[in-house]
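Work through these exercises with the model in view. Try each task before you read its solution.

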Amino acid sequence: MRRLAALGILLAAIAAAAQDNSYEASPGLMLPKGLVLFYNNRAPLSYATLTPRDVPADAVQLGEVRGKSCQYGVAVPLTASLTATSVSGASGDGGYWKAIEKITQAHPDITGIYDVKVDVHLISFLGFIQRTCVEVLGRGFRWSPPNPSSPQ
Amino acid sequence: MRIHLLPSLILAAAILSGCGLVYTNIHSPRGYRSATPADVKVAPDDPTVTGRSCSRAILYTVAWGDSGYAAATARALEGKPGLILYDVKSDIKVTAIGLGLYTEVCTIVTGKAGRP
């Protein structure tokens, strides 16, 4: 009965982790493994994205834009065993800001993005090498506020 | 047969996370602040559309696929350029067969397509 309860708690935790509001803090740090020798990662936490209502009516649509930022991790087992302790290191900037920076570098005239979808791209090989990327996909727009000094 | 708790929990996590113990290359959903009817130009004939994106894992070893929001919304809006999803309901569907020997994790988005 205790084993079933523990399994049920694990299932609930996994299900809960799959659903979160993007404006609530939800750290996306890569999990360290074993003995951590070096850890220097930046990861997504929260992002209150724009919706179409937030876009000014006279904004110029720039179409679909995307940006990506990644964290990298390496874990080396100390012995040739499935339960061996490993030494690991992780580095990278996989945060929202880096992903948005990539978008602004590709579109220097962009003002903002809306209708944003955020996905996580995970690549892992035997647990030795892992790359976790945040992919931001949205619709870009360009807008300049009206000049207050111009005559009406 | 004695079942060890910790390996069982790890195996359950591997099955339900959709990851492979040897090789993993998956996209998974993280966040999507979808539009509401107040955000778009609602029309009474706006179609209801649905899109699904899935990642899969086999034999607990290899996992691949794209179950992210971007792929699901793109499939929902296939053939409808310039439209945007609103009033979106997102679901996750997990299928595991044979104690998780084959696992499929899908993101399903259902909503209406309207003009932004």
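**Exercise 1. Find out why helix α2 of chain B is largely enclosed by the rest of the structure.**

Step 1. Helix α2 of chain B spans residues 69–76, and six of its eight residues are buried, so the rest of the structure largely encloses this helix. A residue is buried if 20 or more other C-beta atoms lie within 10 Å of its own, exposed if 12 or fewer, and partly exposed in between; C-beta atoms are placed from the backbone. Helices (H or I, at least four residues) and strands (E, at least two) are DSSP runs, numbered from the N terminus.

Step 2. Name the buried residues. They are Y69(B), A70(B), A71(B), A72(B), T73(B) and A76(B).

A note on the source: this is a predicted model, where local features need pLDDT of at least 70, side-chain atom pairs count only at pLDDT 80 or more, and totals for chains, interfaces and linings use all residues. Residues are numbered from 1 along each chain as its sequence is written, while chains are lettered from A and ligands numbered from 1 in the order in which they are written.

**Exercise 2. Describe the make-up of each chain.**

Step 1. Count the elements. Chain A has two helices and five strands. Chain B has two helices and five strands.

Step 2. Read along the sequence. The pattern in chain A is α-β-β-β-α-β-β. In chain B it is α-β-β-β-α-β-β.

Step 3. Check burial. Of the 152 residues in chain A, 28% are buried. Of the 116 residues in chain B, 36% are buried.

Step 4. Turn to contacts (C-beta atoms, placed from the backbone, within 7 Å). In chain A, residues 24 or more positions apart account for 72% of them. In chain B, the share is 75%.

**Exercise 3. Give the order of the strands in the open sheet, and find its edges.**

Step 1. Trace the order. The 10 strands run β1(A)-β3(A)-β2(A)-β5(A)-β4(A)-β1(B)-β3(B)-β2(B)-β5(B)-β4(B), with mixed pairing. Two strands pair if DSSP finds at least two bridges between them.

Step 2. Neighbouring strands are turned by 20° against each other on average, direction ignored. Axes are lines fitted to C-alpha atoms, for helices over the stretch in contact, and angles run from 0 to 180 degrees between N-to-C directions.

Step 3. Cross from chain to chain. β4(A) and β1(B) pair antiparallel over nine bridges. H121(A) stands opposite H27(B) there, in β1(B).

Step 4. Place the helix from Exercise 1. α2(B) packs on the sheet and touches β4 and β5 of chain A, along with β1, β2, β3 (62–66), β4 and β5 of chain B. Its direction makes about 140° with that of β2(B).

**Exercise 4. Which residues have the most contacts inside the largest nonpolar core?**

Step 1. A nonpolar core is a set of buried Ala, Val, Leu, Ile, Met, Phe, Trp, Tyr and Cys residues joined through C-beta atoms within 7 Å. The largest has 29 residues, and V118(A), V136(A), L85(B) and Y86(B) have the most contacts inside it.

Step 2. α2(B) gives the most to this core, with five residues.

Step 3. A second, separate core has five residues, including L122(A), I26(B), A57(B) and A63(B).

**Exercise 5. Is S34(B) buried or exposed?**

Step 1. S34(B) sits in the loop between β1 (23–32) and β2 (48–58) of chain B.

Step 2. S34(B) is buried, because 21 other C-beta atoms lie within 10 Å.

Step 3. Leaving aside neighbours within four places in sequence, S34(B) contacts L85(B), Y86(B), V88(B) and G111(B).

Notes. Contact = placed C-beta atoms within 7 Å.
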